[in-house]
Amino acid sequence: MTSGARRPGLRHVLPSGRPEGAAAVVIGGGLAGTTAALALADAGLRVTLVEGRPRLGGLVFSFRRDSGAGELTVDNGQHVYLRCCTAYSRLLERIGAAQLVPLQDRMDVPVLDADRMRLGRLRRTALPVPLHLARSLAGYPHLSPAERAGVVRATLALKGLDPADPALDGVDFGSWLRRYGQSARAIEALWDLVGIATLNARADDVSMGLAAKVFKTGLLSAPGAADIGWSRVPLGDVHDTLACTALEKAGVRIALRTRAGALTRSDDGWQVTVENGPHGSEQLAADTVVLAVPQREAHTLLPDGTLDGKDGLLDIGTAPILNLHVVYDRKVLRRPFFAAVGSPVQWVFDRTDASGLTHLAGRERCQYLAVSQSAAQEEIDQPVAKLRARYLPELERLLPAARGARIHDFFVTRERTATFAPAPGVGRLRPAARTQAPGLFLAGAWTATGWPATMESAVRSGTAAAREALTELGFPQGQLPQEAA
């Protein structure tokens, strides 16, 4: 068996006992775990990646569905990134996926006002910050001239904030916006339009520190920072298939359908107990362990005494994302995506090509739309029939071409714990990568990256965990994985 072979379990993959040289076990095959495993393997460690699911990618994945229009490849949710997400861009390059997940040449967001049926656009020019958005804001039809002037004042105040200031962590973004004269309409049509999608919460429920990070980095750091990118292929092709290939080439041993049960420390290092169905349990020996799992799972696996304030992990809340999927018998949207205000609909994306629908015989004129609904606490558990009754008429209101169209399929995907909740005070609960125990490190979008729960945060956390692990093992600074700008 080759050292990089992908296996459903660990039996017959690892030799018994402690491997020669430095060995690492990474628990969790999402973006954080994949990043950490690649960085450790690139440094020469013998790495085993343990993942309980039958695939890699964590909460970024695809599945097959037999719909009324034929078999589709469906992403569990619409995931996008921005040009400022430099760590995620580097991961895409590392796994050979950069061309499959391109960025816009320039930020351009169509925004439809459902009440007045008027289309506006948020787009940038090549002018330096903050002039790159001046023309767009001046002509943004969803705000009055007074509201646009107020946005400028708030933006200038935001520019002077330090997102890392601990005092901002306890302040909610909505109160700050109102203090700076932002109307309810301005919050809905601009601040929440961006903030709900990136933070998965409304302004009143968001830590000011995280809001400042999003808006300063995305809109005020560089002219192109907010250019939007999204996958033109199923996400599983990127974060499962291509990620697996890259890991195998790096020599990482991948154990799917395998769960970590316990971590124990001895004078010789770490022992990781793993369970793999019919193969039973097995002990893996490691010098380094990276826990790249959600915060509650990390709390369960962390041995007592390895993290100050360990129980604080249980106080990091979660927030849901709901995705509605509609297959029409005709083309009803002529843009790749749009956002809406004055409507329960938030963001709508055309997923026709990525799903494979255009390649099905006789379905060339059909269109598959994904409606992404963040901060979906009130609807996440509603039955499909109720969601259908609410959203199909709303889509017809927003998209006149959908009126009278036949619905081949309507279905729902739910991620009840899609992200950590960015509530005021969450910053003090997010731990750093290094624990109090030698050789034990944390990774995940919920750790102290300074970013909200995004793919960028997950990747940065994996890099941070690998850097800390290699530093502890004595690797010189010049050999550590490079941190993103």
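Reader: How many bridges join strand S12 to S13?

Author: Keep in mind that this is a predicted model. Strand S12 covers residues 269-275, and S12 and S13 run antiparallel. One spot to look at is Glu275, which stands opposite Ser281 in S13. As for bridges joining S12 to S13, the count is six.

Reader: Which strands are the edge strands of that open sheet?

Author: The sheet is open and has three strands, paired antiparallel in the order S11-S12-S13. An edge strand here pairs on one side only, and that picks out strand S11 (259-266) and strand S13 (281-286).

Reader: By how much are neighbouring strands of this sheet turned against each other on average?

Author: We're still on the antiparallel sheet with the order S11-S12-S13. Ignoring direction, its neighbouring strands are turned against each other by an average of 25°.

Reader: Is H1 mostly covered or mostly uncovered, and what do its buried residues pack against?

Author: H1 is mostly covered, with eleven of its twelve residues buried, meaning under 20% relative accessible area. Among the buried ones are Leu31, Gly33, Thr34, Leu38 and Leu40. The buried residues of H1 pack against strands S2 (23-27), S3 (46-50) and S14 (288-291), and against helices H2 (86-94), H9 (235-249) and H13 (455-472).

Reader: Which residue just after H1 takes a positive phi?

Author: Look just past the end of the helix, where phi is about 105°. The residue is Gly44.

Note on methods. Residues are numbered from 1 along each chain as its sequence is written. This is a predicted model: local features need pLDDT of at least 70, side-chain atom pairs count only at pLDDT 80 or more; totals for chains, interfaces and linings use all residues. Side-chain values use heavy atoms; hydrogens and water are left out. Two strands pair if DSSP finds at least two bridges between them. Helices (H or I, at least four residues) and strands (E, at least two) are DSSP runs, numbered from the N terminus. Axes are lines fitted to C-alpha atoms, for helices over the stretch in contact, and angles run from 0 to 180 degrees between N-to-C directions. Buried means under 20% relative accessible area, exposed over 50%, partly exposed in between (1.4 Å probe, protein chains only). Contact means heavy atoms within 4.5 Å.
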